[in-house]
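I opened the model today and kept notes on what I looked up. The entries follow in the order I made them.

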Amino acid sequence: MSDLERRLRHLQEQGRLPSIVAAVARDGVLVQTAGAGRVDGEKPDPATAYRIGSITKTLTAVLVMQLRDEGLLSLDDPLGRFVPDSGYAATTVADLLAHTGGMQSEPVGPWWERHDGGDVASLVAANDGSGAVAGPGEYFHYSNLGYGLLGEVVARLRGGSWWSVVQERLLEPLAMTRTTYGPEGRHAPGWSVGHFTGTLHREPHTDTGAMAPAGQLWSTLGDLAIWSTVLAGRRPELLSPGTAAEMAVDRAGSGYGLGLRLVEADGARLVGHTGSMPGFLASLFVDPATGEAAIALCNATTGLETDGVPTALLSGTPQVGPPAAQGWRPTLDVPVEVAPLLGVWFWGNQALELRWHHDVLEVRALQSARLLYTFARSDGRFVGLTGYHRGETLHVHPTRLECATFVYTREPDVL
């Protein structure tokens, strides 16, 4: 097992991820790749597509900076110059790129990531400016709405849809053939993982409509490795090194530049972005000085610390302990006698959670998530498998659980 695969297996187990793929790339070439978990019963590979969420924003930002470099807009231009009917007409392009425009984080209406989106006219009409949380430039406040509106700026200045411009000006010149608007070819389905049960629940693969520039796209390790060269300023025909460096300047002490997130890993300063959509998490960061990139894609709504991927993949510190032989696997069926026991319990005033994991009942401290005990089913009983209760029987009563003199209740009780 390679070091990268070992690291990835730890991420898969700790995050309870149905599947995850990762790569270390250099100058756009995959140097190391690994996969863990299963997609349709098979191990995922570098060609498996995942939804990349807000990594999409980096493509939108590069399109905006291309317009600036061509003299078609200025970063100081107000949004109203291009979308005059917007309720945020006074917000500058720079503030939209850097999330410092003061607008609300999400568009008005149902959760846009989980519902098929409407057109631009509906988006603009529904967001009249009354949702602003701060004045322009006052502080960093991440706004998906801002990137939906930036996509419309790109569309109007280029005379086509945002997606057609992405294809023509970015994907085709880079031969990024596996970066698509929706799922195509071999792809991972989106899942959420039941916190207490470990069961899988399908997430929607939405068409986000006018909000697509904020998080619509799907991609693969190979295509994102190529894209990392643009963010690193190594594809001057698409983005000059000077403009790439400008995008990587922290704009408000927030760890965010013009469409790029900024992180450190092993003393190196990396640029890129994280991504999150229902059923998916993604991370892409590259060191502009070396061209080395760390990429990870998984199909779970939660469970991966995307900011920490560069450190997890590139750190010289090895992972502690061997990964489990089979990695984490989802629960296919929760036994009828187990289901009522799952959830939050208290030992006195200490909050605990009971999970069903790999056919074993786990008891974890809620505050720290530290594993305290496990119980296995044996001859109709729950018998302590590890921890202080090893060998003891967990007795189930209508309103409490008992093990030796330990009493567990659904409400806190001072001992």
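Does Arg156 count as buried, partly exposed or exposed, and at what relative accessibility? I read 38% for Arg156, so it counts as partly exposed. I note here that the model is a predicted one.

**Entry 1**

I followed the side chain of Arg156 and found it in a salt bridge with Glu152, at 2.5 Å from N to O. Both residues sit in helix H5, which covers residues 144–158. They are four residues apart, about one turn of the helix. I then looked up Glu152, which has a relative accessible area of 13% and is buried, because the cut-off for buried is under 20%. Side chains of opposite charge can pair when their charged atoms come close.

**Entry 2: other salt bridges**

I found 18 salt bridges listed for the structure. One of them joins Lys43 to Glu5, with the closest N and O atoms 3.0 Å apart. This pair links distant parts of the chain, its members being 38 residues apart. I placed Lys43 in the loop between strand S2 (29–37) and strand S3 (50–51), and Glu5 in helix H1 (residues 3–15). Lys43 is partly exposed at 41% relative accessibility, whereas Glu5 is buried at 18%.

I also looked at Arg235 and Glu237, whose side chains meet in a salt bridge at 2.7 Å, N to O. Glu237 has 51% relative accessibility, so it counts as exposed, the cut-off being over 50%. Arg235 has a relative accessible area of 23% and is partly exposed. Elsewhere I noted a network of salt bridges that links Arg68, Asp69 and Glu246.

**Entry 3: helix H6 and its partners**

I went back to H5 and checked how it packs on H6. The two axes come within 8 Å and cross at roughly 70 degrees. This makes H5 roughly perpendicular to H6, because angles of 65 to 115 degrees are classed that way. On the H5 side I listed Gly151, Val154, Ala155 and Arg158; on the H6 side, Trp162, Val165 and Arg169. By class, this contact has four nonpolar, one polar and two charged residues.

Which residues of H2 meet H6? I found Thr56, Leu59, Thr60, Val62, Leu63 and Gln66 in H2. Their counterparts in H6 are Trp162, Val165, Val166, Arg169, Leu170 and Leu171. The contact of H2 with H6 has eight nonpolar, three polar and one charged residues. Helix H2 spans residues 56–69 and helix H6 residues 162–174. Their axes come within 11 Å and cross at roughly 75 degrees, and H2 and H6 are therefore roughly perpendicular to each other.

**Entry 4: the nonpolar cores**

I looked up the largest nonpolar core, which has 76 residues. Val62, Val93, Leu97, Trp227, Met247 and Leu297 have the most contacts inside it. A second, separate core has 19 residues, among them Leu341, Leu342, Trp356 and Leu361.

**Entry 5: Gly257**

Where is Gly257 found? I located it in the loop between helix H9 (241–247) and strand S7 (261–265). Gly257 is buried, at 0% relative accessibility. Leaving out residues up to four places away in sequence, Gly257 touches Leu97, Ala98, Met247, Val249, Arg251 and Leu262. I also checked Gly257 against His99: they are 158 residues apart in sequence and 8.9 Å apart in space, C-alpha to C-alpha.

**Entry 6: two further buried residues**

I found Met277 in strand S8 (residues 268–277), where it counts as buried at 2% relative accessibility. Beyond four places in sequence, Met277 touches Arg51, Gly53, Trp112, Glu113, Thr206, Thr208 and Gly215. From Met277 to Thr243 I read 34 residues in sequence and 28 Å in space, C-alpha to C-alpha.

Last, I looked up Ser228, which lies in helix H8 (residues 221–231). Ser228 is buried, with a relative accessible area of 1%. Apart from residues up to four places away in sequence, Ser228 touches Leu284, Val286 and Ala293.

Definitions and conventions:
Residues numbered from 1 in each chain as written. Predicted model: local features only at pLDDT ≥ 70, side-chain atom pairs only at ≥ 80, totals over all residues. Heavy atoms only, no water. Core = buried A, V, L, I, M, F, W, Y, C linked by side-chain atoms within 4.5 Å. Buried < 20%, exposed > 50% of the residue type's maximum accessible area, 1.4 Å probe, protein only. Helix = DSSP H or I, 4+ residues; strand = E, 2+ residues; numbered from the N terminus. Contact = heavy atoms within 4.5 Å. Salt bridge = Lys/Arg side-chain N within 4 Å of Asp/Glu carboxyl O. Axes fitted to C-alpha atoms, helices over the stretch in contact; angles between N-to-C directions. Parallel < 35°, antiparallel > 145°, perpendicular 65-115°, else oblique. Nonpolar A, V, L, I, M, F, W, Y, C, P; charged D, E, K, R; others polar.
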